[in-house]
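Thanks for coming. Please look at the sequence and the structure while I talk.

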Amino acid sequence: MLVLSQAVSDELNAPGCKTIVHKVTERAAEDIRMDRPLADACYEDRKTLCSGVSPGSARVLRCLQDNRNQLTYECRATLFDQEVRLAEDIDFKYPMKKACKAEIDLFCKDIPHGHARVITCLQVRSKFYLLVYALRKLDQHEHDEDKEMGAECRTEVKRDEIREAEDYRLDYRLNKECDMEIDDLCADICSPFQ
């Protein structure tokens, strides 16, 4: 598996090359066997913590994430690096993309993938849903149920938001937009080498 940092991936100019890198990254996000660095770093952890989990559909990745506090340092660090890389595109967040397929088609269909735009669309829509739900409770009126977010999608979006809040580097847009300021103002606090 070819592992590229987002900075390098942004600099790819040939459309064919970008497409191939995107597809390879998408496959690695779904199946740990396609991500050699992560598979190697987490080999023992997978045997210990996720032995009953079959690969594919991001099941092993989810198992490792759910057991993050029990992972060896090398596995935890490699997993984190992968999560930072995958924060950029809904295509790299397989559980969310699968759970939110209908919502993406309904609410975010005209939003281009990449730069966390579809993820942001789902987050905004989820917050909107909560506001509308609260107003409905106050209002007690019947409303059109066709334009609501499903529970599975809301759960995945919330899970992603909670994880993003744990480390600014997992929030693609914040990390990208504030990169220079973070380096200048927070170098001692925000250093990945602490």
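The second largest pocket holds about 410 Å³ of space. A pocket here is an open set of points on a 1 Å grid over the protein atoms alone, where a 1.4 Å probe fits, with protein on both sides within 12 Å along at least five of seven lines. Its volume is the space filled by probe spheres set on the points, which are joined across faces, edges and corners.

This is a predicted model, where local features need pLDDT of at least 70, side-chain atom pairs count only at pLDDT 80 or more, and totals for chains, interfaces and linings use all residues. Residues are numbered from 1 along each chain as its sequence is written, and side-chain values use heavy atoms, without hydrogens and water.

The second largest pocket has 23 lining residues, each with an atom within 4 Å of a point. Nearest its centre are Gln65, Glu83, Lys93, Asp160 and Arg163. Helices H5 (59-66), H6 (73-86), H7 (94-99) and H10 (151-166) each give two or more residues to this lining; helices are DSSP runs of H or I, at least four residues, numbered from the N terminus. H10 supplies the largest share, 7 residues. By class, the lining has 11 nonpolar, 1 polar and 11 charged residues; Asp, Glu, Lys and Arg count as charged, Ala, Val, Leu, Ile, Met, Phe, Trp, Tyr, Cys and Pro as nonpolar, and the others, Gly among them, as polar.
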